[in-house]
Each structure stands twice: as C-alpha cells, then as structure tokens.
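The following note sets out several points on the model shown below. Each point may be read beside the sequence and the structure.

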Amino acid sequence: MLTPRQERILGLVVQGYLEDGQPVGSKAIAAGAELGVGSSTVRYELAMLEEEGLLAHPHTSAGRVPTDAGYRYFVDRLLPEKPRKPALELELVRREVDDAMRTAAETLSQVTSLLAVVTAPSIETATIHHVEVLQLQPQVVMVVTITSTGGVAKRVLPFPTPVDPGLVSWAGEYLNEQLVGIGLGARMLIKRIADPSLPPTERHFVEALSPAFTELAATAEERLYVDGTARLFTEQRFQDLAQINQLMSVLEHRVGLLGALASALAAPDVMVRIGAENELPALQSVALVAKGYGLPGRPLGAVSVLGPVRMDYGVAISTVREAAKQLSRFVADVYEE
C-alpha cells in the first residue's frame, strides 16, 4: 500500500507522461507540486515506486514513466470517483440498428481520439418480423428473414429436383403464420417450423428450409463496427511500428477481438484492461476500455475504445460508460417495438 505522498507523486508522473509523452523527473515534480519536499525526497519516492513495479526508468532519461501496473493503480485508486460528464450525444433516434452502431463508433472515436469498437447485438437476440420465400431457379430457393431490429438475413438453398412454385408460395405464408414474433434463438423454433400435422410433402419442404432460421449466427465481420484507425495513428501515440502492426492484426482477425470484448458483457461496470492484462497477445501493448450495453439482465453487445496504454483513462472510462448508457436506451426502444 502506498503512502499518500507516494500516491500523489505517482499521479503526477502519470498525468505528466499522459500530457507530453516524456519521462517525468524529480526536479519537475518538486518544482511544480505542492508536496513540501525537495527533489532529493522526490527521487527517493520515485525509486520506491520503481521498486514496487509501478514506474520504469528508461536508460536514455533520468525521468520515470508509468508501467502497466502503475496505470492500473492510477485507474483503480487515483482517478476521480465522479468525473465530469463527457460531451457525448449519440444521434440514434429513428435509426436502424446497424446504422446506430456505426454512429456510436464514429462519435466515440471523435470524442476520445481513440480507436472505437462497438459490437452489435447478435441477430439471434431479435425476433422474426417477416419471412419471404423466393424461387430463384427451378431447383434453388432463397429465404429472406427480416428481424425486429431491422436486420436482414438471406439463405440460398439448393434442391435435388425442381420445386413446385405453389409449394414455395405456400411456405412463405405458412412460415409467417408460424414464426413472426418468435425469437431467432428460441428453442421452439424448430417445432413451429416442422408441425407434425403437416402433409409429408409440405413438412419435408419446410424442414429443408429450417437452416435459414437455425443457422443465422452473424459473422464477426457483421457484428463489429470500428472507427478511428487513421485518427489514432496520426496522433503518434504508439511507441513503435510493432504496436501498430499488432493492433492491425487484431482488427483483421475480428473473431479474437469479439472474444476479448465478451468479458465486458458480464462486468458490472466499465472494464479496463491495460497492456499485459489483455489475454489476447496482440492486445498486450495496448489498453482496452469496454462496457456492455443491453436490456436489464440481458447484455446484447459492448462498446469500447482501444489505444496506447498512455491514454487519458478518465475521459475514456466516462465516455465509454455514457455511450453504453445511451445505446442501452436505444436498444430498449427497438426491442419494445
């Protein structure tokens, strides 16, 4: 446990390093802070903080920089408990879900100057709003499913022999009667599709169409909305090219990033992962700030920012928290309609 003076000095090092990216020396701390001690005492305290693993001492400088552990201590203990409300207003009214997610990512990146990543609700969390069964060719049928959130899923299904057009028309009417209002992830879905009372021909046909509803899991590409890549790199806050390459690798392999954000869904508040705290190797040189959003007791997605460990955590945390709050209100309205 640090003394109050050590905490004050650690906070000054973190804040000073965040502002200009240069190691912070004892003379600057002693001269600029109301600590009431000289630079020799500050040097001793800096050495103690370094011994605790909270600060590092670059070979090229007499100053100190925060370590991942130092940033963690700062985030957990030294950030103001009630930061000022961020100037974030997501324009989400009367938008489709995918457009709302894109807007959220764009706005979040603009406010924080960081890389913003928003995961959309899985298509399986929505209910079926309308079904179209279309005959593309004599032996090819396409099923179009429109969800309650405005999402559209298409599935093309080939058949070994030509399909009766009347059967296709009947299937569209039947599936709408059976499935509208049913959740895509509902267990009763299969039972509603293949009613045992149907004649064999009709039952076999709709059973062949069932993958259009039971295999609708969205891909990682469809669920992730990313904004701010160029902005982040022009800020020149990464230490070296390797960090940029690692982050680019994560964005290219989005399934891994979805997994990293999944833990935010269960977190009671904003989740902060700094450097090596990230399980994904490609994220171990960056910081991730994320929070889940959704309905009460039902998380649907996550909103997050990614950037160098030298980020303004106060701004990042409060902005992500506010974005998640506004997205939760938006999806509550969508899912109630």
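**Points on the predicted model**

1. A nonpolar patch on the surface is formed by L134, L136 and V156, which together have about 240 Å² of accessible area. Patches are built from residues with over 30% relative accessible area and no salt bridge, like charges being joined within 9 Å and nonpolar side chains (Val, Leu, Ile, Met, Phe, Trp, Tyr) within 5 Å. Accessible areas come from the Shrake-Rupley method with a 1.4 Å probe, and for residues only the protein chains shown count as cover.

2. L134 is partly exposed, at 35% relative accessible area. Buried denotes under 20%, exposed over 50%, and partly exposed the range in between (1.4 Å probe, protein chains only).

3. On the basis of the values: this is a predicted model, in which local features need pLDDT of at least 70 and side-chain atom pairs count only at pLDDT 80 or more, while totals for chains, interfaces and linings use all residues. Residues are numbered from 1 along each chain as its sequence is written, and side-chain values use heavy atoms, with hydrogens and water left out.

4. The structure holds 6 salt bridges, each a side-chain nitrogen of Lys or Arg within 4 Å of a carboxyl oxygen of Asp or Glu. R72, D76 and E277 are linked in a network of such bridges. In the pair D76 and R72, the closest N and O atoms are 3.0 Å apart; the two residues are 4 residues apart in helix α4 (residues 68-78), about one helical turn.

5. R72 also forms a salt bridge with E277 (2.7 Å, N to O). Because E277 lies in the loop between β8 (271-274) and β9 (286-295) and R72 in helix α4, this pair ties together parts that are 205 residues apart in sequence. R72 is buried at 18% relative accessibility, whereas E277 is partly exposed at 32%.

6. Where does S210 lie? S210 is placed in the loop between α8 (200-209) and α9 (211-214), and is buried, with a relative accessible area of 13%. The side chain of S210 reaches the backbone oxygen of E207 at 2.6 Å. Leaving aside neighbours within four places in sequence, S210 is in contact (heavy atoms within 4.5 Å) with I190 and I193.

Definitions and conventions. Polar contact = N/O pair within 3.5 Å; in protein donor to acceptor, adjacent residues only side chain to side chain.
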